[in-house]
Amino acid sequence: MTAATTTYRLPVDGYGKRTTGWWGMVMLIATEATLFAYLLFSYFYLMSLTRGPWPRSGNPSLGLTLPNTILLLVSSGTMWWAESGIRRGGQGRLRAGLLVTFLLGVIFLVIQSVEYRHLRFLPQTDAYGSLFYTITGFHGAHVAVGLLMNLVIQARAWVGHFTAERHLAVTNTAWYWHFVDIVWLAVFTSLYLSPRFL
Amino acid sequence: MAISAPAAPAPPVNERLIRIWETAPGLYGALATVDHKVIGKRYLVTSFVFLLLGGIEALVMRVQLMGPDKAVLSPEAYNQLFSMHGVTMMFLYAAPILSGFSNYIWPLMIGSRDMAFPRLNALSYWIFLLSGIFLYSSFLVGQAPDRGWFAYANLTERPFSPGLNMDFYALGLTFLGISTTVGAINFIVTIFKLRAPGMSVNRLPIFIWGTLTTSFSVLFAMPALTAACVLLYLDRRFGTHFYDVAGGGHPLLWQHLFWIFGHPWVYIVVLPAMGMVSDMLPTFCRRPLVAYSFVALATVSTGILGFGVWVHHMFATGLPPLSTNFFSAASMVITIPSAVAVFAWIATIWHGRPVITTAFLFCAGFIVLFVIGGVSGVATAAVPFDWQLTDTYFVVAHIHYVLIGINVFAVVAALYYWLPKMTGRLLDERLGRWNFWTMFIGFNLGFFPMHISGLLGMPRRVYTYQGGLGWTALNLITSIGAFLFAVGVLALLVNIAVSLRRGRRAGPNPWDGNTLEWATPSPPPPYNFAVIPQVASRHPLWEDRLGEGARSVIDRGPLLDEGRETIGTSPLDAEPQQVLRMPGDSLWPLLLALSLTALFYGLLGSVGWLAIVGGAATIVCTAGWLWPTQEPATTEAVEASA
């Protein structure tokens with residue numbers, strides 16, 4: 001090496017928002033969010049072509065869903081609490097926060113399946129039913145994926161993989177979970193609230 | 001990272017790097033490799049095989065249409081052939097072949113040692129291969145997709161299409177979409193993070209702008225196709241009513257979703273090809289590309305505008321005039337960036353000293369066909385003209401001028417240009433001339449008359465026609481042209497085969513190119529660059545003669561030989577930020593792709609246990625893949641030129 005060479009130190013792998021894994025998650029969220037946008041486009045498109053009442057079975061009840069929505073939002077808070085814990089090296093806070101988030105997610109899915117039982121229509125009833133079950137089902141599937149990610153991260157948290165500097169997998173899982181919650185707000189607004197004023 | 005002193009004298013740097021980066025030998029290595037060069041070559045070969053399959057399907061159709069009232073094919077067989085021809089060419093050839101070039105060339109062009117996600121890259125290839133096999137396995141049961149490549153509802157609904165044909169289509173394209181999507185994410189993150197230090201965004205080759213733009217288009221367009229196909233599958237298998245009017249759905253929902261995807265897709269399969277030409281022409285014209293910034297901006301704006309023109313595929317569906325007029329205007333606006341690129345290419349040739357190689361001829365042919373295809377495109381953007389020509393052979397002529405002209409001709413040019421980098425051997429220039437002129441004449445002989453048969457009213461997708469309508473001679477000429485074109489493709493294959501055996505040695509930089517890939521040996525070693533280069537201009541290898549004062553450093557720089565490592569840089573200015581440790585050989589991508597295959601065959605055959613096993617295996621493989629195998633590390637000393 002000649003004199004025109006300097007030596008400097010770089011972090012290996014890097015962490016936080018500067019590394020490849022985080023960008024990968026951001027792009028995944030972008031394309032997944034677009035998928036929901038197209039599903040909601042389908043909903044409003046078919047609604048606009050329908051003559052007569054929409055939905056025919058009456059507006060979907062908020063009785064179970066409004067509390068469920070709040071529950072999901074709270075789970076975003078607990079996920080944030082877990083992630084900000086590990087940012088300061090708090091292993092206990094990470095484990096507890098992930099566990100609570102996981103339980104809230106499971107309760108959300110249970111309540112949604114209870115709601116399915118109370119609905120007066122099926123996916124085969126009409127286009128509205130097809131849209132309702134498909135969109136909420138897609139969202140439910142995403143919640144399930146978020147829960148699986150949470151499980152893996154919990155296992156890794158108990159093994160002690162994460163430190164204050166190195167917790168990219170936690171950050172990515174948290175971002176995915178927040179994405180699933182924000183998508184739910186779009187789904188909730190479209191399917192539950194919009195028929196009340198459109 | 002601890003730097004342990006080697007006990008024995010360290011072997012030469014190159015040997016050490018080869019040991020670090022080499023794929024394991026034997027079957028394990030073949031199945032587990034994550035080398036972007038191997039994956040790129042596999043992409044190229046596989047998509048070329050699909051090009052040949054789609055080509056054979058086309059030739060069989062041209063035999064059937066050679067004269068009136070022929071009965072070589074039954075109407076059902078003809079439907080399957082034209083549908084699979086379209087599906088093959090659009091989905092299994094046109095985009096994947098460009099991914100192949102990008103996969104192989106990108107890391108070399110940007111001075112990196114691999115893609116951002118090497119294992120994701122392998123997964124993308126395996127899913128591409130397996131979903132192609134999935135789609136083609138439909139022929140084994142005699143039920144290939146048969147409702148055209150854009151598969152309009154409600155002809156695709158179960159009452160009108162009771163076989164497995166359209167299930168293969170809906171599931172196969174959903175499956176393939178996973179490959180395209182993860183590939184796009186990989187390209188984007190690679191460009192954001194893995195460029196050599198100093199390669200700021202204003203120094204990117206146009207090819208990279210092209211693939212980067214289309215990768216973003218994939219992220220926002222592919223979900224529309226996935227949604228459309230999933231809803232179709234639900235309609236067919238679970239009795240939902242998305243496309244079924246009686247149940248409150250609407251067939252136009254399919255058309256909207258499909259073309260919101262479909263028109264960006266057209267640009268996805270041409271923008272990287274246009275980028276390749278933008279990078280090849282300067283080499284052969286011995287000067288930098290004219291109006292680099294405008295061409296880069298034109299590329300990006302075409303990608304964006306491509307999302308605002310989908311309704312021009314639906315002018316004849318009875319949409320309100322306000323809507324059709326808007327999309328007609330948007331479709332005319334999109335010609336502006338295309339024209340910018342065309343004029344930049346012409347100006348580059350005009351102001352350069354062109355060296356007429358085969359690759360240059362294909363680039364020049366590409367420009368000619370692009371202009372013809374562009375003109376017929378603007379013509380059909382006018383609503384009344386489109387009404388007249390919808391579903392006629394005029395549209396078939398247009399789509400082939402655009403797709404063969406802008407994709408295939410650019411791809412063949414790129415093969416002549418970059419294959420020597422991959423194999424170390426040049427293709428034969430004399431056979432190359434034959435190759436070019438048979439393809440160019442055959443193409444125009446085959447497809448130009450389709451404009452006329454379309455204007456004379458011949459509808460597309462008819463399996464035969466009567467004599468005496470004025471179409472007979474035109475169809476005969478078209479068939480002759482198609483076979484001549486096929487002879488040209490054959491000449492290309494012969495040329496490649498001969499070159500592999502006894503082609504002239506290429507050396508590192510046979511064309512005196514100006515981008516970084518030409519600074520590596522041909523073929524490049526597994527680690528690409530012995531040291532990570534430092535880029536100071538848009539033309540790192542031409543800095544001496546351009547005299548712009550910039551000095552890229554290619555032979556000195558960070559060595560990074562403590563494992564599979566490359567440099568991570570900042571997204572805009574490419575300032576070094578970190579050392580990225582890259583994964584090595586892994587079977588997870590193949591296992592994950594096989595699990596998904598089981599899942600999709602389970603969904604196809606309504607075999608519940610197979611779908612569940614496939615789904616569960618997918619989850620297990622994903623978790624296994626993501627479980628870390630490397631010890632966490634801290635910092636590493638990096639030597640770089642000041």
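A residue is taken as buried if 20 or more other C-beta atoms lie within 10 Å of its own, as exposed if 12 or fewer do, and as partly exposed in between, with C-beta atoms placed from the backbone. Helices (H or I, at least four residues) and strands (E, at least two) are DSSP runs numbered from the N terminus. By these criteria 16 of the 19 residues of α5(B) are buried, so this helix is largely enclosed by the rest of the structure. The model is predicted, and local features therefore need pLDDT of at least 70 and side-chain atom pairs pLDDT 80 or more, whereas totals for chains, interfaces and linings use all residues. Residues are numbered from 1 along each chain as its sequence is written, and chains are lettered from A and ligands numbered from 1 in the order in which they are written.

The secondary structure of chain A comprises five helices and one strand, arranged along the sequence as β-α-α-α-α-α. The radius of gyration, taken over C-alpha atoms, was compared with a globule rule of 2.2 Å times the number of residues to the power 0.38. Chain A has 21 Å, whereas a compact globule of 198 residues would have a value near 16 Å. Its C-alpha atoms fill a box of roughly 80 × 40 × 25 Å along the principal axes. Buried residues make up 38% of the 198 residues of chain A. Two residues are in contact if their C-beta atoms, placed from the backbone, lie within 7 Å. Among the contacts in chain A with a separation of 6 or more, 81% join residues 24 or more positions apart.

Chain B contains 20 helices and three strands. For its 642 residues a compact globule would have a radius of gyration near 26 Å, and the value of 25 Å for chain B agrees. The C-alpha trace of chain B spans about 85 × 65 × 50 Å along its principal axes. Of the 642 residues of chain B, 57% are buried. Residues 24 or more positions apart supply 80% of the contacts in chain B with a separation of 6 or more.

Between the two chains, 41 residues of chain A are in contact with 53 residues of chain B. On the chain A side, the elements giving two or more residues are β1 (5-11), α1 (20-49) and α4 (127-159). The most is given by α1(A), with 15 residues. Nonpolar residues are Ala, Val, Leu, Ile, Met, Phe, Trp, Tyr, Cys and Pro, charged residues are Asp, Glu, Lys and Arg, and the others, Gly among them, are polar. The side of chain A that touches chain B divides into 21 nonpolar, 15 polar and five charged residues.

A nonpolar core is defined as a set of buried Ala, Val, Leu, Ile, Met, Phe, Trp, Tyr and Cys residues joined through C-beta atoms within 7 Å. The largest such core has 248 residues, and those with the most contacts inside it are V277(B), C363(B), F366(B) and A413(B). Helix α15 (residues 393-423) of chain B gives the most to this core, with 23 residues. Leaving out residues up to four places away in sequence, A413(B) touches V277(B), M280(B), A359(B), F362(B), C363(B) and F366(B).

The expected span of a helix is 1.5 Å times one less than its number of residues. For α5 (residues 118-136) of chain B, with 19 residues, this gives 27 Å, in agreement with the 27 Å between its end C-alpha atoms. Helix α11 (residues 321-333) of chain B, with 13 residues, should span 18 Å, and its end C-alpha atoms are 18 Å apart, which agrees. The buried residues of α11(B) are T324(B), F327(B), S328(B) and S331(B). These residues cover an arc of only 110 degrees around the axis, which puts them on the same side of α11(B); the arc is that of the directions from the helix axis to the C-beta atoms. The face turned away from the buried side of α11(B) carries the exposed residues L322(B), N325(B) and A329(B). Cover for the buried residues of α11(B) includes α13 (358-381) and α14 (383-389) of chain B.

Two further buried positions were examined in chain B. W106(B) lies in helix α4 (residues 75-109) of chain B and counts as buried because it has 26 C-beta neighbours inside 10 Å. Apart from neighbours within four places in sequence, W106(B) is in contact with T190(B) and I208(B). T156(B) is found in the loop between α5 and α6 (165-193) of chain B, and its 24 C-beta neighbours inside 10 Å make it buried. With residues up to four places away in sequence not counted, T156(B) touches R147(B), A151(B), S161(B), M166(B) and L232(B).
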